[in-house]
Amino acid sequence: MDMLAIDLLPPLLKGLQLTVLLTIFSTILALCIAFLAGFARLSKFRLVRGFATVYVEVFRGTSLLVQLFWMYFALPMLVDIRFSAMTVAIIALGLNYGAYGSEIVRSTILAIPKGQVEASIALNLTPFQRLRRVILPQAWSIMLPSFGNLQIELLKGTSLVYLITLAELTYQGMMLRTYNIAQTAAIFIWILVLYYATASILTFIIRLAERRANVGRG
Amino acid sequence: MIQNIQINLDSNIDLDKALPQPIVRYRNVTKAFGDHVVLKELNLDIMPGEKIALIGPSGSGKTTIARLLMTLERPSSGTIEVNGEMLWHMQHKGKLIAANEKHLHRMRSSIGMVFQHFNLFPHMTILQNVIEGLIQVRKTPKRQAQEKAMELLTQVGLQNHIKHYPSQLSGGQKQRVAIARALVMEPQILLFDEVTSALDPELVGEVLDVIKGIAAKKDTAMLLITHEMDFARDIADRVIFTDGGVIVEQGTPKEIFENPKSPRLQNFLTRFLSDRQSEPYKANKEIAAGNDL
Amino acid sequence: MWDWNYTWDILPELIKVVPLTIAITLAGFIIASLLGVPLALARRSKSRWFSIPVTAIADFIRKTPLIIQLSVIVFVLPQLIGLSLPPFFAGVIGLGIHYSTYLSEVYRSGIDAVPKGQWEAATALNFKKLKTWIRIIFPQSIPPTIPVMGNYLIVMFKETPTLSAITVVELLMTAKELGSTSFKYLEALTLVGLIFLALSYPSALIVRAIEKRMQRRGRSVLTK
C-alpha cells in the first residue's frame, strides 16, 4: 500500500535529527535560565528581583514566534550581528521556555513547607547546605511533572523555527510537499507521528526521572 | 433462583391481608468487593414505621446494608424488595433482569439517607438545600416547597439560619439540616449512617435529640447505624447486631443490652460500653450475677 | 537604526489588526470551551470503548504542533474531502480543536475535585443524572477552573501568530508584510512585541487578581 510511503521517511528523519538536537540544547539552556531567574525572583535584592521579573513577564507576555522573528530579523538591524538560524532558535526557545520554567521553580520553592527551613536551621546547616540537601531535592521531585509538560511544549515550539528556515522536521516536510504535492496527507501524517513518538519518549524519560526522584517516598 | 422468588411471592398472597407486610426485605443478599466479602447471605425484614438500631464493629457490613438499599452499591447476589417489588431487578418480557436507572429512580422515591459527612450542597443556602429535592425531583412549586422546608427546619431548630450557607454552620447544625433535607422528601424509610460519628462530642446530643423527636412523631421507618448505645436503647424497637457480614443476634433493646446471648455480642458490648462509660449495662450485669454494687 | 517617523506611520496599521486578532482568539476559545465538554465527559466515561480512544486522540492532538494541524486543515482537507476553508476559519477551528484538549483536562480536574459525597447526596435525594450535573456538580466544578480558563485565553492570544503560517492576517503577518516592503523589520516587529505585551500582561494581572479573590472567597464556600 503506497499510503505508507516509507520513501518519505529519510528526509523527514534528517529533519527529526535536527529537531532533537535543537530540543536538547534549548532544554539545557531553558533549565539553566529557569533556575537562575527563579532564584533571582526570590532574591532579597530588589534590583535582582526587578530584572528577573521584567525578563520573565516580557518573555511570557509575548509570543514565541514574535520573539523568534525579532531575534532573527530585527536584532541584526539593531546591533549589526547576524546570528545563524540555529543560534537564534536555541536562544529564543531557551529564553521563552526558561521564563515559564522560572515560574515553576519559584512557585515550587515557595511551596516547600517553612518547617523544612526551620529544621535545617535548627540542625545548623549553612544556607547552601540547606538548599542543596533539603530544599532542592524536595523541590525537584515536585517540579518534574511541570517541567515534563513544559518539555512537550518546547518540542512543539521547535516546529515554528521552520519559519526562519531552519531545516528541522517541519521544514523538511514542507519542502517535500513542493516535490510531491500528491502525498501531502502522508507527509503530514508522518510528521505528526514522528512528533508524537518523540514526545512519548520524552514523557517516558521524565517519568523515569520522577521515579528516581521519588525513591523512598511513602 | 427465579423459581424460588415465584414461590415466595405466592406465599405472600396467601397470607392474611390484615397482617402488615414488610416494606423492605433483604433476601440472601451477599456483597463482595473483589475478594473481600462484606455481607453474607443477609436476610432482613423491616416493617413499616419500625425503628431499627444497627450496631456492630467496624467492617461488620452495617453501612453496606444501608448503601445497598439506597442504591449506592449493587448486591453481588440476592434480592432486595421494597413494598413487595424488587429494587435491583425488574420484569422484562417475562424474565427478571437487572434493573435499569429508570426503575431504580422509581423505587428510590421511598428511601432517604442521612450521611456521616452531611454532604450538604455548599453552593446553596440552608433553605435551598432543603427545597432542592422537592423542586427538582417532586416538581413541587417553589412556594409550597418553601413552606414544607420551613416546617421541617423549624422542627430541627434551624429556622433562623435559612439564609446561611453550610460553611457557616457547626457540625451539629449541618447534620440537622441534612436530616431536614432527607425528611422533607417524605420517604417511607430513612437511613442514618453513623450520623454523629463525625461530630465533636458536645454536638452529638442536639442531633440525637432531633432524631428522637422525629422518631416519636413520625411513622417513617428508620434504620439507624450507630455507636451511641444509650441512644439505640432509647429509640429502637429492634436492635440488630452484625459482625463479619452476618446478623449475629437481634431483639428488643432490653434483650440485646441486658441479656446478650452470643459471646460475640457480649464481647462487643463490654468493649464498647466500658470505653464509653455506660455504667447501666455493667451495673445490670453485676445485679444479675447477684453481686452488690 | 531606529526610525521614529516610520514607527508612527506603521503603528495605526498594526493597531487596526488588533480587533481581528482578538476576534480570532475569542472564536478559537469559544470552540475550545465547547469542544472540551464532550471531550471531558467522554474521557470520564465508564465505558472503555469510549474513554480510551478519545483519550488517545486528545493526547495525540495535544502533543503535536499546532502548525502541522493547521496545515492539515488547509492542505489535506481539500484533497481528502474537497473542503476548502478560508484561512480565518481554518485557523480558528485548528486553534479551537488544539486547545479543546487542554480545556477538557481542566474540566476533568474540576469535576474530579467535587467530593464523592455530593454525588451520593444527589442519589439519596433521587436526582436524575442530568439534574445532578446541572444543579449540583457543575456549580461546584466550574468556579475553581475560571482562573485557569482565563490563563488559557491569554495563551491562545499569544498563539495567534502561528496562524500567520497559513496566511491568516493577524499581527505578525501584518508586520511581516510591512517589513517586506520597507525592509525595516526592527520597528514593525518591536511594535508587535510591545502590542502583545500591552494586551497580555494586564490581562494576566487581572486573571491573577481573580484567582486571589476566589481563593479568599472560594475557600469558605467550597468546604464541607
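A word on conventions. Residues are numbered from 1 along each chain as its sequence is written, while chains are lettered from A and ligands numbered from 1 in the order in which they are written. Because the model is predicted, local features need pLDDT of at least 70 and side-chain atom pairs count only at pLDDT 80 or more, whereas totals for chains, interfaces and linings use all residues.

I start with how the chains meet. Two residues are in contact if their C-beta atoms, placed from the backbone, lie within 7 Å. There are two pairs of chains in contact, and of these, chains A and C share the most contacts. Chain A and chain B have no contact joining them, and their closest C-alpha atoms are 25 Å apart.

Next, the contact between A and C. Chain A puts in 27 residues and chain C 29 residues. On the chain A side, at least two residues each come from α2 (46–61), α3 (64–79), α6 (127–158) and α8 (184–213). Helices here are DSSP runs of H or I with at least four residues, strands are runs of E with at least two, and both are numbered from the N terminus. By class, that side of chain A has 19 nonpolar, six polar and two charged residues. For these classes, Ala, Val, Leu, Ile, Met, Phe, Trp, Tyr, Cys and Pro count as nonpolar, Asp, Glu, Lys and Arg as charged, and the others, Gly among them, as polar.

The contact between B and C takes 23 residues of chain B and 20 residues of chain C. Elements of chain B that give two or more residues to its side are α3 (101–108), β8 and α4 (126–136). Of these, α4(B) gives the most, with three residues. That side of chain B divides into eleven nonpolar, ten polar and two charged residues.

Now chain C itself. Chain C has nine helices and zero strands. Its C-alpha atoms fill a box of roughly 70 × 50 × 25 Å, taken along the principal axes. Of its 224 residues, 35% are buried; buried means that 20 or more other C-beta atoms lie within 10 Å of the residue's own, with C-beta atoms placed from the backbone.

One helix to look at is α8 of chain C, residues 171–182. Its twelve residues should span 16 Å at 1.5 Å a residue, and the end C-alpha atoms are 17 Å apart, which agrees. The expected span is 1.5 Å times one less than the number of residues. Among the buried residues of α8(C) are L171(C), L172(C) and A175(C). Those three also touch V192(C), as do V66(A) and L14(C), not counting residues up to four places away in sequence. After α8(C) comes F183(C), with a positive phi near 60 degrees.

V192(C) belongs to the largest nonpolar core, which has 95 residues; L68(A), F69(A), I191(A), L189(C) and V192(C) touch the most other members. Helix α4 (residues 85–111) of chain A gives the most to this core, with eleven residues. A second, separate core has 85 residues, including F115(B), V177(B), F192(B) and L223(B). A nonpolar core is a set of buried Ala, Val, Leu, Ile, Met, Phe, Trp, Tyr and Cys residues joined through C-beta atoms within 7 Å.

That leaves chain B, with eleven helices and twelve strands. Buried residues are 41% of its 293 residues. Six of the strands form an open sheet with mixed pairing, in the order β8-β9-β10-β3-β11-β12. Strands pair if DSSP finds at least two bridges between them. β8 (111–114) and β12 (246–251) are at the edges, each with a single partner strand, so one side of each has no neighbour in the sheet.

What about strand β3 of chain B, residues 51–55: enclosed or open? Five of its five residues are buried, so β3(B) is largely enclosed by the rest of the structure. K51(B), A53(B) and I55(B) are on one side, with I52(B) and L54(B) on the other. β3(B) runs parallel to β10 (residues 221–225), joined by four bridges, and A53(B) has L224(B) as its bridge partner there. β3(B) also pairs with β11 (residues 238–243) in the parallel sense over four bridges, where I55(B) is partnered by F241(B).

Methods: A residue is buried if 20 or more other C-beta atoms lie within 10 Å of its own, exposed if 12 or fewer, and partly exposed in between; C-beta atoms are placed from the backbone.
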